[in-house]
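Let's take a walk through a structure together, one step at a time. Have the sequence and the 3D view ready as you read.

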Amino acid sequence: MELAEELTAELEIPTAFTIPIAGGIAINQTVVITWCIIAFLFILILFLTRGFVTQNPGKRQALVESFVVWMQDLIGSNMNEKGKKYVPFLCGMLLFLGVSNIIGIFNIAPPTKDLRTTVALALMSIVLVQIAAIREKKVGGWLKGFAHPIAVMLPMNILELFIKPLSLCMRLFGNIFAAFVIMELVKMVVPVVLPAALCLYFDLFDGLLQAYVFVFLTSLYINEAVE
Amino acid sequence: MLSFDLVNFICMIINILILIFIAKKFLFGRVNDIIAKRQEEVNDKYATADRAIEEAQNSKREYETQLAEFRKESDERLENARKEAESKKAGILEKAQAEADDIVHAAQTEADHIRNIAGIDRDKEVEELVFDVATRLAGHAINEEASSELYDKFLSQATNSGSGKE
């Protein structure tokens, strides 16, 4: 019973502070952690990209360029020509997801453990897909797409509009949530050695894998939408 | 545990959008810009190199054309000079031949003249000698011994005058 209570407490998203407006707006820990991630990444990016030159780049510049090109290739290789313009957006999303998922290594609650984060990401993802479809096919073509390939498929296609973001959201949330729960259980049972080893799988490997899966599926949806 | 409130949800959307904007603007944007600039510089260098190669080829073609023209002109000049030299040579030879012919002719004329003169003198001497001998033979009684002496004298004089003229 004590274990269950402790676990429940760990899974709670506590309020970080309250803004004293309209009777108090509670800002939870996830939002604050996300601000920290934004600030950290912003400073890191500014530091890494300062003083870039076109000729004879240094090691830092070469490393950053290689990383960016690799990341864009990773996402861009799945996409057709029409979808390539969304690659920077997806890379930004991948960066956020990657950092958010592996932040558990530093014993910080990952933002993706919060359902709000994954729902927000899934919503943004599906809005992006629909915007891409409308930009490519115009509103008429986009609406006709719901009756594709035959009119009988209309209810299925409308359902798909909600199923896709829901599956994206739940897959990410479920994986990160489950990893967090398992890690907390392991820490309670065996506090030393074993959590360190499992952390490599659940926080690093699974975290990065789920981030890639999320962005990869979004890129596939964009591809389908712009074809 | 799975609570959901709209304020924090909107905050999360804004946060994610801000982070994506930062990554796009300051990381991917900067890196892509620098790669594009580098590509542009490389393309410029290639274009400059291509232009230089083209200019060099044009210069080479121009040089070869000029060289061919110079060779042609040189050959023409050489041919003209050869023809002129041949012509001058023929003229000089002709002139020299004419002069030589004149000299030879003059020499022959002179020689003939001298020969003629020499012939006349000898004949005169012989004539005078014959006349002298004849005179003596006719004017005096000549014995066999005196006649033989006169005859030898005549032959001796005749031989001397002939060899001296020649």
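This is a predicted model: local features need pLDDT of at least 70, side-chain atom pairs count only at pLDDT 80 or more; totals for chains, interfaces and linings use all residues.

Chain B contains two helices and zero strands. Of its 166 residues, 7% count as buried.

Now look at where the two chains meet. Here 36 residues of chain A are in contact with 28 residues of chain B. On the chain A side, the elements giving two or more residues are α1 (2-11), β2 (25-28), α2 (29-48), α3 (59-76), α4 (87-102) and α5 (115-144). The biggest share comes from α2(A), with nine residues. Sorted by class, this side of chain A has 25 nonpolar, eight polar and three charged residues.

Next, turn to a pair of helices within chain A. Two packed helices are described by the angle between their axes and the distance between the axes. For α3(A) and α4(A), the axes come within 9 Å and cross at roughly 110°. Angles from 65 to 115 degrees count as roughly perpendicular, so α3(A) is roughly perpendicular to α4(A). From α3(A), the residues making the contact are M71(A), Q72(A), I75(A) and G76(A), while α4(A) supplies V87(A), L90(A), C91(A) and L94(A). Six of the residues in this contact are nonpolar, two are polar and none is charged.

Finally, find helix α7 of chain A, which covers residues 194-226. How far apart should its ends be? At 1.5 Å a residue, its 33 residues should span 48 Å, and the end C-alpha atoms are 47 Å apart, so the two values agree.

Conventions. Residues are numbered from 1 along each chain as its sequence is written. Chains are lettered from A and ligands numbered from 1 in the order in which they are written. Two residues are in contact if their C-beta atoms, placed from the backbone, lie within 7 Å. Helices (H or I, at least four residues) and strands (E, at least two) are DSSP runs, numbered from the N terminus. Ala, Val, Leu, Ile, Met, Phe, Trp, Tyr, Cys and Pro count as nonpolar, Asp, Glu, Lys and Arg as charged, and the others, Gly among them, as polar. A residue is buried if 20 or more other C-beta atoms lie within 10 Å of its own, exposed if 12 or fewer, and partly exposed in between; C-beta atoms are placed from the backbone. The expected span of a helix is 1.5 Å times one less than its number of residues. Axes are lines fitted to C-alpha atoms, for helices over the stretch in contact, and angles run from 0 to 180 degrees between N-to-C directions. Angles under 35 degrees count as roughly parallel, over 145 as roughly antiparallel, 65 to 115 as roughly perpendicular and the rest as oblique.
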